Amino acid sequence: MYLKCFLLTEGRVEIQPVHLPILNYAPEGDNIFETLGARWTQAKRHCLGVSEIVYWLCNIPIVWSRLGGCSSCASFGRCVRFTVRAWPPLAKMIWIHFVSATVAFLGPVNSFIVGLLWLNGDYKHIDSWIFLLNICLQVFYGCSFLIIQVLSVLLYERVKSSIKPAPRNTTLEKMSAARWSPVWLHALTTVTQNAVSAPGFFFCGAFAEWIATCKTAVTHKFDYEVALKPKVDAP
């Protein structure tokens, strides 16, 4: 809807967020396999957003034509202003889906090349500013990963009173108390678990992106599957 409004208004549309106190549940099934399947279903649906890039690129020439193209200085100026406004949304969409589709492969390849240069003592490349920038970015990405995990723990601590608790006097309740009660243990466990599962997570995300990309290349009709959500009793 935002893209349609953007094209119709020549990029003059503005979005004002409305902040509401809500809490959304993650996809969840009755067991771990159903939960993983629900998360995979949701990932495939989210990745279909890559089709918005095609929609955007196909409609920009149409807007240029509607504005008059180069028929006059005024129409040419409107086309230039619209093009300048159209680049940021396009860059954002490309960046989101490009990173998701390639991070699972570029990350290991980059680490392999860096390690190979270091082991072979290729100081001609190691002493370059490109190599230094690469290392700095890797450190930045690693620190960002850790910060996101810690922030997720702090967010949980803020909203845990609104989350449906585990059934009382059950093994799940005892495990939850041991796993999440101390904040430092919660953070340490979260960082460790996500670090171990990150390669598989990023690979599945990239696979879902490429599935969506292939679908976009051959059709414009998609089946938007809705993932399973937990059944929560009404208060």
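Helix axes here are lines fitted to C-alpha atoms over the stretch in contact, and angles run from 0 to 180 degrees between N-to-C directions. Helices themselves are DSSP runs (H or I, at least four residues), numbered from the N terminus. The model is a predicted one, so local features need pLDDT of at least 70 and side-chain atom pairs count only at pLDDT 80 or more, while totals for chains, interfaces and linings use all residues. Residues are numbered from 1 along each chain as its sequence is written, and side-chain values use heavy atoms, with hydrogens and water left out.

Take the packing of two helices to start with. Helix α6 (residues 129–159) sits against helix α8 (residues 183–218) at an angle of about 135°, and their axes are 9 Å apart. That makes α6 and α8 oblique to each other; angles under 35 degrees count as roughly parallel, over 145 as roughly antiparallel, 65 to 115 as roughly perpendicular and the rest as oblique. The crossing of α6 past α8 is right-handed, meaning that the near helix is turned clockwise from the far one by less than a right angle.

On the α6 side, the contact (heavy atoms within 4.5 Å) is made by F145, L146, Q149, S152, V153, Y156 and E157, which meet V183, H186, A187, T190, V191, N194, A195 and A198 of α8. Sorted by type, these contact residues come out as nine nonpolar, five polar and one charged. Ala, Val, Leu, Ile, Met, Phe, Trp, Tyr, Cys and Pro count as nonpolar, Asp, Glu, Lys and Arg as charged, and the others, Gly among them, as polar.

T190, in helix α8, is buried at a relative accessible area of 10% (buried is under 20%, exposed over 50%, partly exposed in between, with a 1.4 Å probe and protein chains only).

Now for the aromatics. Rings of Phe, Tyr and Trp (its six-membered ring) pair if their centres lie within 6.5 Å; planes under 30 degrees apart count as stacked, over 60 as edge-to-face and the rest as tilted. The count comes to eight aromatic pairs. W40 and F207 are stacked, with ring centres 6.0 Å apart and planes at 20°. Because W40 lies in helix α2 (residues 32–47) and F207 in helix α8, this pair ties together parts 167 residues apart in sequence. W40 is partly exposed at 27%, and F207 is partly exposed at 46%. F201 and F202 pair edge-to-face, with centres 5.6 Å apart and planes at 70°. Elsewhere, Y2, F6, W56 and F82 form one aromatic cluster.
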